[in-house]
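Dear colleague,

Please find below the structure for your review.

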Amino acid sequence: MLIRLCALLFLLLASDAQALTPTQARAIAAGETDERIAALNAAATSADPGLAVFVKALLDDAVKLTPSQVLVIDGAKVSDATTGAA
């Protein structure tokens with residue numbers, strides 16, 4: 001799994017940028033493992049530079065879900081995973 005994540009991060013850094021959608025963020029952050037991996041693979045093809053930060057936050061257990069948002073917690077800062085808005 002870690003090798004797959006590293007490969008996806010490499011692909012992200014080598015491609016053009018496009019935003020991670022709320023649907024993609026939620027699918028990557030929640031659900032069954034196979035579904036999450038499929039969503040991560042799909043998001044990697046869109047080459048969002050924010051995906052690397054999002055995956056790191058997932059690995060650090062810093063991603064939290066609300067009914068309407070996927071949030072990234074960084075110390076005292078809370079931001080939307082898709083827009084970066086506080």
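Helix 2 passes helix 4 in a crossing that is right-handed. Please bear in mind throughout that this is a predicted model.

I begin with the packing of helix 2 on helix 4. Helix 2 covers residues 22-29, and its axis lies 11 Å from that of helix 4, at an angle of about 30°. Angles under 35 degrees count as roughly parallel, and helix 2 is therefore roughly parallel to helix 4. On the side of helix 2, the residues that make this contact are Ala-25, Ile-28 and Ala-29, and they meet Leu-51, Phe-54 and Leu-58 of helix 4. The contact is made up of six nonpolar residues, with no polar and no charged ones.

Helix 4 also packs against helix 3, which runs over residues 33-46. The angle here is about 155°, and the axes are again 11 Å apart. Because angles over 145 degrees count as roughly antiparallel, helix 3 and helix 4 are described as roughly antiparallel to each other. Their crossing is left-handed. Helix 3 contributes Arg-36, Leu-40, Ala-43 and Ala-44, which meet Leu-51, Val-55 and Leu-58 in helix 4. By class, this contact has six nonpolar residues, no polar residue and one charged residue.

The remaining pair to report is helix 2 with helix 3. The axes of these two helices come within 7 Å and cross at roughly 140°. Helix 2 passes helix 3 in a left-handed crossing. From helix 2, Gln-24, Ala-27, Ile-28 and Ala-29 take part, and their partners in helix 3 are Arg-36, Ala-39, Leu-40, Ala-42, Ala-43 and Ser-46. Seven nonpolar, two polar and one charged residues form this contact.

I turn now to the largest pocket. It holds about 300 Å³ of space, and its lining consists of 19 residues. Nearest the centre of the pocket lie Gly-50, Val-53, Phe-54, Val-72 and Ser-79.

Which elements supply at least two residues each of the lining? They are helix 4 (50-59), strand 2 (70-74) and strand 3 (77-80). Helix 4 gives the most to the lining of the pocket, with four residues. Divided by class, the lining has nine nonpolar, five polar and five charged residues.

In short, helix 4 packs with helix 2 at about 30° and with helix 3 at about 155°, and helix 4 also gives the most to the lining of the largest pocket.

With kind regards

How values were computed. Residues are numbered from 1 along each chain as its sequence is written. This is a predicted model: local features need pLDDT of at least 70, side-chain atom pairs count only at pLDDT 80 or more; totals for chains, interfaces and linings use all residues. Side-chain values use heavy atoms; hydrogens and water are left out. On a 1 Å grid over the protein atoms alone, a cavity is a set of points where a 1.4 Å probe fits but cannot get out, and a pocket is an open set with protein on both sides within 12 Å along at least five of seven lines; lining residues have an atom within 4 Å of a point. Grid points are joined across faces, edges and corners, and a volume is the space filled by probe spheres set on the points. Ala, Val, Leu, Ile, Met, Phe, Trp, Tyr, Cys and Pro count as nonpolar, Asp, Glu, Lys and Arg as charged, and the others, Gly among them, as polar. Axes are lines fitted to C-alpha atoms, for helices over the stretch in contact, and angles run from 0 to 180 degrees between N-to-C directions. Angles under 35 degrees count as roughly parallel, over 145 as roughly antiparallel, 65 to 115 as roughly perpendicular and the rest as oblique. A crossing is left-handed if the near helix is turned anticlockwise from the far one by less than a right angle, and right-handed if clockwise. Contact means heavy atoms within 4.5 Å.
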